[in-house]
Amino acid sequence: MSAVAQPHHPDITPEMWPRIDAVINAHKQVAGAVITVLRECQNVVGYLPVELLDYISRGLNLPSSDVYGVASFYSLFSMVPKGRHTIRLCLGTACYVKGIKEVMTRIENQYQVPEGGTSEDRRFSLEAVRCLGACGLAPVMVVGEDTYGDVTSDKVIDLLDPYE
Amino acid sequence: MGRMTVAELERIKTEHAERMAFTDKTYLLLCGGTGCHATGSLKVKDALLDALEQAELGATVDVIETGCNGFCAMGPILVVHPGDIFYQKLKVKDMAEVVQSHLVEGKPVERLLYKDPAAKKRIPVQSDIPFFAHQMPRALRNKGIIDPEQIDDYIARDGYRGAARALLELGPDDIIEEMKISGMRGRGGAGFPTGMKWAFAKASPSDLKYVLCNADEGDPGAFMDRSILEADPHAVLEGMVIAAKAIDAHKGYIYARTEYPLAIKRLDLAIRQATEYGLLGEDIFGSGFGFEIEIYQGAGAFVCGEETALMRSIEGRRGMPRPRPPFPAHKGLWEKPTILNNVETFANVPQIVRKGGAWYASVGTDTSKGTKVFAISGDVNNIGLVEVPMGTSLRSIIYDIGGGIPKKRKFKAVQLGGPSGGCVPEAHLDTPVDFEAIAKVGAIMGSGGVIVMDENTCMVDMARFFMDFIQEESCGKCTPCREGTRRQLQILEKICNGDGEPGDIDTLEALSDTIRETALCGLGQTGPNPVLSTLRYFRDEFEAHIHEKRCPAKRCVSLLSFEVDTEKCTKCGACYRACPVDAVEWKKKELARIDLEKCIQCMTCFDKCRFDAIY
């Protein structure tokens, strides 16, 4: 158990805390583990609220500026809540050449969700990501864990509608 | 299992000889790379297993899930041995037919075979398909053949024999000498001679040294490293063991992109298997030499592909480059001598040590030896991974292997080397792939992404696209890169939006010079390349945007009017059927008309119109 008091946060439920503590304790003695800790804590909570970053920095005995600096540098980490489904559109060159920009515009219009943001009903988050290395399927969209290839602006809404 | 010996490697190889030659059973090699997984290969595999059970063929047929086959656009892919019969784009419902017709009755299913787009005929045998026939697999020699999750498969293909030679027969200097003879240059982009890099690190005295593998494949359009890790992870581990012996390191890290979950899973399994066999850990082959490897997952930052930034990231800091010297060979990870090589480089090392540097150098050009893996994508028929000898022409890669441009469109340019690279036009397509020759035409070899663009691609928009990438991925440490690329992006956006002014091109060029000369790291110094190379070959497109407010390729939305050319319209209604917001008015035998009030400028109608009638 960590000696640091757990802050109250609406998005961190009581059963998440032991998992967060387990992550921090497992990496306390490992130099350079902060990225791993942030990734695993984000997997638990869904994102990294500032209160959690402070908690992690105290647990790892690092200045909170260091932890915040790392969290804000890497695109994997988010400090704002996500929607129920995260749509990731590959903005690699192959996908771009094959028309992912049009797909992006279509999704933004249909669900009123800006690139990098979340729709008001928290149904979708829309992210532009770097090349997923699946260029053979370009343009590529990933929703949660599901990957779709050959996505076009006229097909994409049919693919997304089942995600409630 | 205890310590591995050469005799034991030999025994495993003999035991698996029939399986590797496909002589004892029928083998169904199903591609299990990321691409095929996404198109449903896992469900196809279940259906295949069901069908085999129904036909009671379980005892004489083996299904093997291989790593990436390489012909990614055709997935899910199944290759049947003996016979080397290639099936493509399989669906769950096809599998019963494949089993019944091919395996029971001996007749391959015609409709599922590869169809050559040029000759319009089916080609049943994999090695006859032009995409495969022109290749020379070395780094990819095991792809689509072995099960990447079985270490015995790798050993049966002479795996870990290079490590055995390095640890038992050669000294560090012999290994480095062999690497120098091979002429191998780093496959990550810059092309630094691998043997020389290792020699520097060997010469740096230190209690601790590190071997790092760069699997942070960030260049958009490059996926060879992902594919190698998914198809042949042990080759990379073996290469790292050999490098470690050469420089006397005992700890290695593989810095892998978090976007590649399957590659990380297979690597992790491979490390556990190798450790269990005593091929990693202490006293490998009883040589007294020990080495262990850990995977370090990145968190999404392109700049971490730069060596000093990558090392900072492993140290748990913001991944920002630092000035060199000191070079990592003297002061790298945790300030200790470190070598960093790319996945493809390491995958070549075991064969170089096993077969000798001279064997490796037997193909290639004067300054670029061996083979190179390219990832071809974009507007080309055969998308996938190809490995060819250095010196092969770009034209051969795009037309002989890539099968040319689809939809009868014209070739416009090929983008090489990712965001730091450049676009090569038709006139230079006969350039051979060679580090120096490619640099001469204004691109770079880079990690090997080859993105083909047809006539519908706007080169100003492409420059904007790459600059957007570079600007966003700039770490912000040095001013030329942080501010300069942002300013360039602003100008390019202005030009694409139709607000370009005379003088913009001059400003772009002046900024490019400053950034090139003053940025801190490779990302910044090569950042202006997309602008410079498009300006070099497609200046007229920039001028059309700026002076005539016209986008010749019709991609820049602000410069389009979304109207129908009544001369060209054939009244076919394709645009009407495709429009997602019913903005196109059309009746049979009448001209189409676009209601600009309803139009959301999504470009769907532009893509659907085959007569170039919308402008």
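Predicted model: local features only at pLDDT ≥ 70, side-chain atom pairs only at ≥ 80, totals over all residues.
View 1. Of the contacts in chain A that link residues at least 6 apart in sequence, 61% bring together residues at least 24 apart. Buried residues account for 55% of the 164 residues in this chain. If you are setting up a box of your own, the C-alpha atoms of chain A fill one of roughly 55 × 30 × 25 Å along the principal axes.

**View 2. The helices and strands of chain A.** Here you can pick out seven helices and four strands in chain A. Follow the chain along its sequence and the pattern reads α-α-α-α-β-α-α-β-β-β-α.

View 3. The accessible surface of chain A amounts to about 7,200 Å², with 49% of it on carbon and sulfur atoms.

**View 4. The domains of chain B.** Moving on to chain B, you will find domain 1 (18-129), domain 2 (159-357), domain 3 (371-454), domain 4 (459-547) and domain 5 (561-615).

**View 5. Where domain 2 of chain B meets domain 4 of chain B.** The C-alpha centres of these two domains are 34 Å apart. On the domain 2 side, twelve residues are in contact with seven residues of domain 4. The size of an interface is often expressed as the accessible area lost when the parts come together. For domain 2 and domain 4 of chain B, the area buried between them is about 860 Å², and 79% of it is on carbon and sulfur atoms.

Conventions:
Residues numbered from 1 in each chain as written. Chains lettered and ligands numbered in written order. Heavy atoms only, no water. Helix = DSSP H or I, 4+ residues; strand = E, 2+ residues; numbered from the N terminus. Buried < 20%, exposed > 50% of the residue type's maximum accessible area, 1.4 Å probe, protein only. Contact = heavy atoms within 4.5 Å. Areas by Shrake-Rupley, 256 points an atom, 1.4 Å probe, with all protein chains shown as cover. Domains from an automatic or database assignment. Buried area = accessible area lost by both parts, 1.4 Å probe.
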